[in-house]
Each structure stands twice: as structure tokens, then as C-alpha cells.
Amino acid sequence: MLKQQLIECIEGKTLSESEAEQVMNEIMIGQATPSQIASLLTMMRLRGETVDEITGFAKAMRQHSISIPHQLEGVVDTCGTGGDDLRTFNISTTVAITLSAIGVKVAKHGNRAVSSKSGSADALEKLRIEIQSSPEEAAEVLLEKNLCFLFAPLYHQSMKHAVVPRKEIGFRTIFNLLGPLTNPARASHQVIGVYNKEHAGKMAESLARLGTLHTLFVTGGEGLDECSITSPTNVVEVRGKDITQYTINPLDVGLRYGSLEDIQVDTPEESAELIQLVLQGKANESAQSIVAFNAGATLYAADKVTSIKEGVSQVVAALKSGIVYEHFLSLQTSKEVR
């Protein structure tokens, strides 16, 4: 089937949702060759992926993924697309730790670094926080510690068939958009950082079809895949099937504008060091503020507060009180995880 779809796509055709689901199924079960996968990804990237294609691919990827066994309600994920190339420290991982300290159940979906200096798995290793090795262990830790890390290769094993072509072509593809839409814990509340607001809009439409209770797609003005501390942030908010779009800036939530340089790192070690300073409440103002901003937005997406500003206020207070750092210490093992 994929060979015929490639012929049609080269002529400008896009895939329907059901066609995209069928194509992704072929990829997931190893029936597509690396050359076919690379060709399809390249064509889609050049013309732009459609909502139908994103939705169909996500549906198939969900069907082939491993889920964690839990009965918890209101589980949150802070996984973004990555790919903004701005060298920031692991903000969403810091947010996940912070929220788990104040009672929010966070199933953090993530991977090692692909386009960034430090992926969430890389940062957690340096922080001596163990990555769960099975779905059962993840469910147990989520219940007991409010935080589990869902290492993407473990839960999306069928993606192995696309690893080589993705790596060889080297640029962002539709697969960058799928991770946040395929959380193995079926998180019903999310803040999804997206490097491009056009893609954020498409992903929002797709997730509204796939199902969510409350999710925010955020894109900083400089292309940051987080709520930005240096520029206004574009937000696409999804509540069930309803989608709204607006911009928000640090001043709107009681914070000051900061500096991009103050949140940039060059290695996983530097990222881990800055994360620990934030959790202690001792980092520079820009780092503290961007974590408070994104954690506050996530509290709002989790329906724990009625506004992002209220969420930011709660997070700032928690970081100052020391409870976040105390919780972080309880998550650590005695030595660096490898």
C-alpha cells in the first residue's frame, strides 16, 4: 500500500485520516522499507503535514504502544515536541518534578536528546532520578511518588522500524509531533510545548479529535517550545472539543521579562546543575520564572487553579518553601543512574 501512497503523494495528494492510520500501521509492523519511510516523511515535511495525517498516525501509534496500568484520574504530562534548537535547560522535566512535589500526578513522557543538548532522560540520569524499567513499576511510582518517567523507546517499541530513516534524514518530521499525542499513561491533561505555532494549531485540532480534558499547546515568540520568559507566548487551549487561541506574556502572570542566555546550557551536566538550583529556589531569576510560568500553566491545564496567574503564584510559593527540593531529594537514588 505504501508504494502506491508514495506515488499519489508525489503528485500532491494528502492522506485521509484512515489512509494515514493504515500507512502508520505498515510502518509499525515493519512492512515499509527505510527508503519508503524517508521518502514519505520528506514529502510530508516539504508540503506540510495535515491534521488528518497527524491524527491517523497518532491513532496507529497509540494502538501499537504499551500502556501503563493505572486507575488514577487527572494524570498530567509536560512532554513537548522539542526541536526548538535554543539550548535551554530541561524546563518541562523541572516542571514535572515541581508539580509532583505539590501533589499533581505527572506521567512524564520523554526520550534522550535528539535535537537538543539534553533530553529529559539525559537530565534525569544526571539528577540521579531512576527511569522506570516496566509499565508496572511506572504505575507504582506514579501512585507513590506522584511522578514517573515514561521512556519513549520502551513504550513505543514499534517505532524501531523508523529509527534509521529518521536519524539519517536528520530534520524534524511528523514524528516530532506524535510523541506528545501518544502518552502511554493516557494523560488527560497536558501542556505541550511546540516549536512552531502553525504546528501547534494542527496538533490541537488533532488532539481534540483524539480526546483530552484540558490541554495547552504553547509556543514562545522566539520559537521556544515552552511558555517564554523573553517574549509573548502563543497558546492554543483545548477543552474537550473546544479550541481557543490567545497570547500571554510574563507580566500577565506576575513575572518579569527575562533573558534567554540565562536559561541556556551546553551539556546535560549544566542542565542538571541549573535544575537543582531552581528546585532549591536559588537559580537566576529567568530560570526560576520560566519554571514557575510553565508549572503554573500546567496547574491550570490540570484544572487545579482557575487561571495561569494563580498557578504561577502557587508554584512560586512552593519553590520558596523548600518542599519542592525536599521532594526532589526523595526521588534520588544514591548514585548517578545509567
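**View 1. Val235 and the residues around it.** Val235 touches Leu216, Phe217, Val218, Thr244, Gln245, Tyr246 and Ile248, leaving out residues up to four places away in sequence; contact here means heavy atoms within 4.5 Å. This is a predicted model, in which local features need pLDDT of at least 70, side-chain atom pairs count only at pLDDT 80 or more, and totals for chains, interfaces and linings use all residues. Residues are numbered from 1 along each chain as its sequence is written, and side-chain values use heavy atoms, with hydrogens and water left out. You will find Val235 in strand β6 (residues 233-239); strands (E, at least two residues) and helices (H or I, at least four) are DSSP runs, numbered from the N terminus. Is Val235 buried or exposed? Val235 counts as buried, because its relative accessibility is 1% and buried means under 20% relative accessible area, with exposed over 50% and partly exposed in between (1.4 Å probe, protein chains only). Thr219 is 16 residues from Val235 along the chain, and their C-alpha atoms are separated by 6.7 Å.

**View 2. The largest nonpolar core.** A nonpolar core is a set of buried Ala, Val, Leu, Ile, Met, Phe, Trp, Tyr and Cys residues joined through side-chain atoms within 4.5 Å. The largest one has 58 residues, and Phe89, Ile97, Leu216, Ile290, Phe293 and Ile308 have the most contacts inside it. Among the elements that each supply at least two residues of this core are α5 (91-101), β5 (214-220), α13 (285-301) and α14 (308-321). The largest share, 10 residues, comes from α13. Look next at Ile308: leaving aside neighbours within four places in sequence, Ile308 is in contact with Leu216, Tyr246, Ile248, Val253, Phe293, Gly296, Ala297 and Tyr300. Apart from this core lies another, of 39 residues, including Leu6, Met61, Leu181 and Ile192.

View 3. A search of the whole structure finds 3 aromatic pairs. In one of them, the rings of Tyr325 and Phe328 have their centres 5.7 Å apart and their planes at 35°, so the pair is tilted. Rings of Phe, Tyr and Trp (its six-membered ring) pair if their centres lie within 6.5 Å; planes under 30 degrees apart count as stacked, over 60 as edge-to-face and the rest as tilted. Why are Tyr325 and Phe328 separated by about one helical turn? The reason is that Tyr325 and Phe328 are 3 residues apart in helix α15. Tyr325 is partly exposed, with a relative accessible area of 23%, whereas Phe328 is buried, at 0%.

**View 4. His327 and its contacts.** His327 is also found in helix α15. At 14% relative accessibility, His327 counts as buried. Not counting residues up to four places away in sequence, His327 touches Ile97, Ser100, Ala101 and Lys145.

**View 5. Ile169 in helix α9.** Ile169 has its place in helix α9 (residues 160-169). With a relative accessible area of 22%, Ile169 is partly exposed. Which residues are in contact with Ile169, leaving aside its neighbours within four places in sequence? They are Ala38, Leu41 and Thr42. Gly56 and Ile169 are 113 residues apart in sequence and 22 Å apart in space, C-alpha to C-alpha.
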